[in-house]
There are 2 protein chains.
Amino acid sequence: MTDLSNGAAWMGGTIIPVQDAAIPVTDWGLTHADTVYDVVPVWRRAFFRLDDYVDRFIASLTAGRYDIDMDRADICSALHQMVAASGLQDAYVAMVAARGRNPVQGSRDPRDCTNHFYAWCVPYVHIVKPDIAARGTSVWIAKSVRRIPTDSVDPKVKNYHWGDFTSGLFEAKDKGFETTLLLDHADHVTEGPGFNVFAVFGDRVVTSDHGVLHGITRRTVLEMCAEAGLQTETRLLPLSEFWRADEVFLSTSGGGVIPVARVDDRHFSNGTAGPVATALRAKYFDWIMRDMHRIPVQFETEDQT
Amino acid sequence: MTDLSNGAAWMGGTIIPVQDAAIPVTDWGLTHADTVYDVVPVWRRAFFRLDDYVDRFIASLTAGRYDIDMDRADICSALHQMVAASGLQDAYVAMVAARGRNPVQGSRDPRDCTNHFYAWCVPYVHIVKPDIAARGTSVWIAKSVRRIPTDSVDPKVKNYHWGDFTSGLFEAKDKGFETTLLLDHADHVTEGPGFNVFAVFGDRVVTSDHGVLHGITRRTVLEMCAEAGLQTETRLLPLSEFWRADEVFLSTSGGGVIPVARVDDRHFSNGTAGPVATALRAKYFDWIMRDMHRIPVQFETEDQT
């Protein structure tokens, strides 16, 4: 038996250990960061909101003009087969389309490339450790960089252009902060590496709708707020307004709702996790167990019955 | 004997066929486009301006905080060894540093990653076919995208964030143009995929110094202009001024000086290669044979003497 305990990958129809999965150094997916991807969580042996994640991935394929010669059913089948083989109960599951290699020597025409799909999964990733998240994390607003503008690379088409985030992360880590938040060129709050950002003003919850990925967890938060009787606003969020928030929190497929206790030298909710964020965090872990949003991983043992 | 006729790669000290060289799907080099790289041409069995290219690569390593545990001599040795093994007379030689994998499960700290160096070479790439270049190529100014700003990702640190270029290339190719040129957010001319841009006004040659890679071929052009008694200006180049140029040309390590006959629906130098660009193109192919800029590839047969 192949050891898939570190995770698995689906490469060209074959399941292999994640650590053995690789792409060519001349693939435009690497040399031009020419990929789109998505990440769906698996929790307690079921995909959460799989259709929503795959919808967004397919929209990214269309926007980026990738032809992977697989339809929705093929993609879902690959993900089920891979996660089942891995045996993981809770997983971070990535699906990726890459532009591929250009078979025409010297060609710079992206239409000549051989696009391809692959996927990989590893044990569930918490982008902030759960104990830190529970008591409220720390966020550094990047000073040396601004988020790549939407008219350069569209953040709604989920992509690997993370140079701005990486610069922000170096700044944050050097200063002892957990993560970073980027502003746009007009001092609006955008997003951070792997998360959307929310500000709470009384019973109003505000998040940006511009220059950001429209996260599926962001959508879950907006739906949970509606259920909890909180007002929601999706719009430009100026930094000057953000500073006046009662609470701040992050949303991510890698850990759900993450309260923020501190941004730069400003403490929110007295330097702890705020009550709204804490309630939404608990609610998220309920929602990911709701049958209506869950598609059980088709494990091999189940297939054989 | 391994077949290296398509090119070779240097991976962890071993020379392998370029088509077998790959990096892990979980390497931040891929998942965060977290690489810096450089490309040096080999022409008639010698590196052209190798020191300049390696200087720039080392500056990129420092700016991006990569620790590849190799010094200048190690890098040059890897390149010589690889190109020699490939047997290529004229080659496109890439050196790359990648952030690598993060051994700490779930860590988002770039400082935890295991950085690494690799290199690969393929037969020399002309980014525009020589026959088209000689009679003047066509350039489409991208309308749907602007160049990623310098305060999001610094173009002087040579990197794989090509999403804006790829969008521009799709536009250009759909309209039947050879390549694309991107503007910044204030309507200045910046650069295109793999090249700098020059505008000629009488005996003055102007190229941008902002929002662009400081190309080694760009430097060669500036030096060739000085030798030819042409004035040079490196500064912001507004699109409105660019339209009034007598001639336009591109500079690239993938083909030298490339005259431009047409930008959008505007013909330059009567829709042909202009005289200044044509002269500089010829001069470039002389310069790359000048001993002062050449470092012969240390072929194995020579090592054995």
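How many salt bridges does the rule find across the interface of domain 1 of chain A and domain 2 of chain A? Two. The legends below cover this interface and then the nonpolar core of a predicted model.

**View 1. Two domains of chain A.** Domain 1 of chain A puts 18 residues into the contact, and domain 2 of chain A puts in 19.

**View 2. Buried area between the domains.** Domain 1 and domain 2 of chain A bury about 1,600 Å² between them. Carbon and sulfur atoms account for 58% of that area. On the domain 1 side, A:Tyr37, A:Arg49 and A:Arg56 supply 40% of the area buried against domain 2, more than any other three residues.

**View 3. Polar links across the interface.** A:Asp52 and A:Arg219 join their side chains in a salt bridge, 3.4 Å from N to O. Between domain 1 and domain 2 of chain A, the rule also finds six residue pairs in polar contact. Two elements of chain A, β4 (35-43) and α2 (50-64), each give two or more residues to the side of domain 1 that touches domain 2. The largest share of that side, seven residues, comes from β4(A).

**View 4. The largest nonpolar core.** This core holds 93 residues. A:Tyr118, A:Trp120, A:Phe242, B:Trp120 and B:Phe242 touch the most other members.

**View 5. Surroundings of B:Phe242.** Leaving out residues up to four places away in sequence, B:Phe242 touches B:Leu181, B:Val189, B:Val197, B:Ala199, B:Leu237, B:Val248, B:Val263 and B:Phe268.

Definitions and conventions. Residues numbered from 1 in each chain as written. Chains lettered and ligands numbered in written order. Predicted model: local features only at pLDDT ≥ 70, side-chain atom pairs only at ≥ 80, totals over all residues. Heavy atoms only, no water. Core = buried A, V, L, I, M, F, W, Y, C linked by side-chain atoms within 4.5 Å. Buried < 20%, exposed > 50% of the residue type's maximum accessible area, 1.4 Å probe, protein only. Contact = heavy atoms within 4.5 Å. Buried area = accessible area lost by both parts, 1.4 Å probe. Salt bridge = Lys/Arg side-chain N within 4 Å of Asp/Glu carboxyl O. Polar contact = N/O pair within 3.5 Å; in protein donor to acceptor, adjacent residues only side chain to side chain. Helix = DSSP H or I, 4+ residues; strand = E, 2+ residues; numbered from the N terminus.
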